[in-house]
Amino acid sequence: MKEDIKTLTISIYTENNIGLLNRISAIFQRRHINIESLTTSQSEIEGVNRFVIVVNISETQAKKIVGQFEKQVEVIRAYYHTDEETIYQESGMFKIKSALLFEEPQIQNIIKESNTRIVTVNKEFFVLEKSGRRNEIESLRRDLNVFGIMQFVRSGRIAVTKDEMKVTEMLLAFNNQ
Amino acid sequence: MDTQTVKKTKEVAAKTERITGSEAIIRCLIEEGVDILYGYPGGAIMPVYDELYKYQDKIHHVLTRHEQGATHAAQGYARISGKVGVAMATSGPGATNLITGIADAQIDSTPMVCITGQVFSHLLGSDAFQETDIVGISTPVTKWNHQVTKASEIPEVLAKAFYIAKSGRPGPVLVDITKDAQVSEFDFKYEKCTGIRSYIPVPKTNPEAVKAAAELINAAKKPMIVWGQGVILGEAEKELKAVIEKAGIPSAWTILGASALPTSHPLNIGMVGMHGNYAPNKLTNECDVLIAIGMRFDDRVTGSLDTYAKQAKVIHFDIDPAEIDKNVKTDVAVIGDSKDSLAKLLPLLNKNSHESWLQEFKDLYEVEYEKVIKNDISPTKEGLTMGEVLKQINIETKGNAAIVSDVGQHQMIACRYADFNITKSNITSGGLGTMGFALPAAIGAKMAAPEREVVAIIGDGGYQMTIQELGTIFQQQVPVKIVVLNNEFLGMVRQWQQLFFDKRYASTEMTNPNFVAIAEGYYIKARKVVKREELADAVKEMIASKESYFLEVCVEKEDNVFPMIPSGASVSDVRLS
Ligand SMILES: Cc1ncc(C[n+]2csc(CCOP(=O)(O)OP(=O)(O)O)c2C)c(N)n1
């Protein structure tokens, strides 16, 4: 009975403490699960951080691994979601020679059509930023590659869920216990 | 730190006092009720040792001969007392020497707090003398760990450490404290930790789940219980017994669950797992409801998961939600503290007895007795067996001793044949299988429960892994009884070589030293037995001794432990020979 491997987004709400990333990554490592992308930042709750981690695993694996995260003392709650259950984005940045902007008018069309933002322009280079799904950023990269990209970087996925996650309520309940 | 630890305000605000970080460490330990700690000094922890000197009347420090010994002693202390064991070491090699014991405590859920010294905080990350990243190294084997770089953090972090180590599913915690934090002064006050917002140690028992469990049990024709250490950690022995007796359920135990119910109880059907008893292993694949209590379906217990109890509805009682469905899919999960869950289950159970089902266990016991047990405990061949040594110990201690076993054949024999009348009497390294565990663990156990007879059962291999702790026994005058079952082999590995590697005994034969002379070198009374006629008398003399005593028994070199489930096989394929 082989289960489907899916792209899943794992959200982990945590205390903002040193060393936690170590614990979390160790849990993936022990189970030989490769992390596709990882973002960590503050969350909507003050003093609470959120990890957003994308992995390709089965839902059974996801359930077990979420249990292991929740077991960590400093993890408040962990969840996993399918793509359909989330709204998600990535962001890519492209550094390109300024000269090209004038020599290759096609670039200007690409910028316009792809809704890409110009972050900065100077004499040597200009920088573009594009947020969206992975494939949108990748398609832009393909288009620009023809002309030459000096630097490219893409962020990990950030995601919010369509359903609510009751972390705030949980914390309130604790504080009033 | 302050956002996450909720402190219930005490009626009287704690007074503050200006003291150093190291004095604060000792004061915190005293506040947590620590009266014994095991450790080994060195540069980065010296200020704390200096304070210990001052507080000698309040805290007894036991100098082990190796830091690994300190952790195992702390584990032995914790396992027999249910309290938190404490171990301390210096930075670098001192700290890394703790790792085996910490890993052992983690997998066996033993409450332990380890304190390590660390280099000055301005040197962190600079490859300073005796600097290791012990927080990084210990992360995967601790329940929680933390590095303190400021004296003022010490009380809160240590309070948290003790709370985390002992609450919920217990485990080891490591606190690493830089030398500057030890020597600088701050205003000390101590408040115990009573809660951490991101941590729910004991999930509430869901009454619906208890009801569902009761219904399944009441309807069962062939129910079987397998309990584990969760019962002992949750101090639910009375509740377990009540449930077993009311519902008349044949009940088996995992290696770490041993002693929670007296061996002689009529519904106690023995040990499950790789070298467990024949009946409970075999009938796991025939019961209709399998009730797992405070156990985690370790692979040594289940054998092949593909064939494990497939016919049964499974009820799983556990405090740790991450254990549910981890290895075995459950039909009813009762998450919570075992004492509480079993107490709630009891009134919902129908009074029952499953005579013919219980008879099936008794019949298979007879088969095991004829084929295995008889030859183990009442052998007719010339060579001594490990089983008969255990039998003699049972006779002399009347089943009231705490048995501390090491890892190997003798461990399985000890767990199979020791009589346990009293709970928390089986102290062994279950999950990690750490050779070298028993000698130092016995020290800790005896110091925590001086009124109890503590007998360590050790193989000639494992004994030599921590043999230096004889020095600790001698210096501390701990009256533990040490039995080395000497087969001149790494017996358990040799057994595997015999059965699965065509008798190629690669590096398992041991040429041993004069163990009696070594014990005597540490001024410990010692005796060696090579003939059956001497055994009873020697064991009697050992148990009668008021001091520590070393007994070497030369046993048959190539005996095997049966029953056995070969690894990866099904529990019902348990072999008797
Ligand atoms: C630290 C450690 N190293 C290696 C092993 C692997 N191992 C398991 S049992 C065993 C043999 C134990 O031999 P001995 O202590 O003489 O006990 P016996 O099996 O003969 O009773 C070994 C080497 C282990 N469990 N722990």
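Visitor: Is helix α17 of chain B mostly covered or exposed?

Guide: Mostly covered: of the nine residues in α17(B), residues 409-417, nine are buried. Buried means under 20% relative accessible area with a 1.4 Å probe, protein chains only. Helices here are DSSP runs of H or I, at least four residues, and strands are runs of E, at least two, numbered from the N terminus.

Visitor: Which residues are those buried ones in α17(B)?

Guide: They are B:Q409, B:H410, B:Q411, B:M412, B:I413, B:A414, B:C415, B:R416 and B:Y417.

Visitor: Before I go on, what am I looking at, and how is it numbered?

Guide: This is a predicted model: local features need pLDDT of at least 70, side-chain atom pairs count only at pLDDT 80 or more, and totals for chains, interfaces and linings use all residues. Residues are numbered from 1 along each chain as its sequence is written, chains are lettered from A and ligands numbered from 1 in the order in which they are written, and side-chain values use heavy atoms, with hydrogens and water left out.

Visitor: Back to α17(B). At what angle does α16(B) cross α17(B)?

Guide: Roughly 45 degrees, and the axes of α17(B) and α16(B), residues 386-397, come within 9 Å. Axes are lines fitted to C-alpha atoms over the stretch in contact, and angles run from 0 to 180 degrees between N-to-C directions. The two helices are therefore oblique to each other; under 35 degrees counts as roughly parallel, over 145 as roughly antiparallel, 65 to 115 as roughly perpendicular, and the rest as oblique.

Visitor: Which residues make the contact?

Guide: From α16(B), B:M386, B:G387, B:L390 and B:N394; from α17(B), B:Q409, B:H410, B:I413, B:A414 and B:Y417. Contact means heavy atoms within 4.5 Å.

Visitor: New topic. How far apart are the axes of α1(B) and α7(B)?

Guide: The axes of α1(B), residues 21-31, and α7(B), residues 154-166, are 10 Å apart, at an angle of about 30 degrees. These helices are therefore roughly parallel to each other.

Visitor: And which residues meet there?

Guide: B:G21, B:A24, B:I25, B:C28 and B:L29 in α1(B) meet B:I154, B:P155, B:L158 and B:F162 in α7(B).

Visitor: What about chain B as a whole: how many helices and strands?

Guide: Chain B has 23 helices and 20 strands. Buried residues make up 62% of its 577 residues.

Visitor: What box do the C-alpha atoms fill?

Guide: Roughly 70 × 60 × 40 Å, along the principal axes.

How values were computed
Buried means under 20% relative accessible area, exposed over 50%, partly exposed in between (1.4 Å probe, protein chains only).
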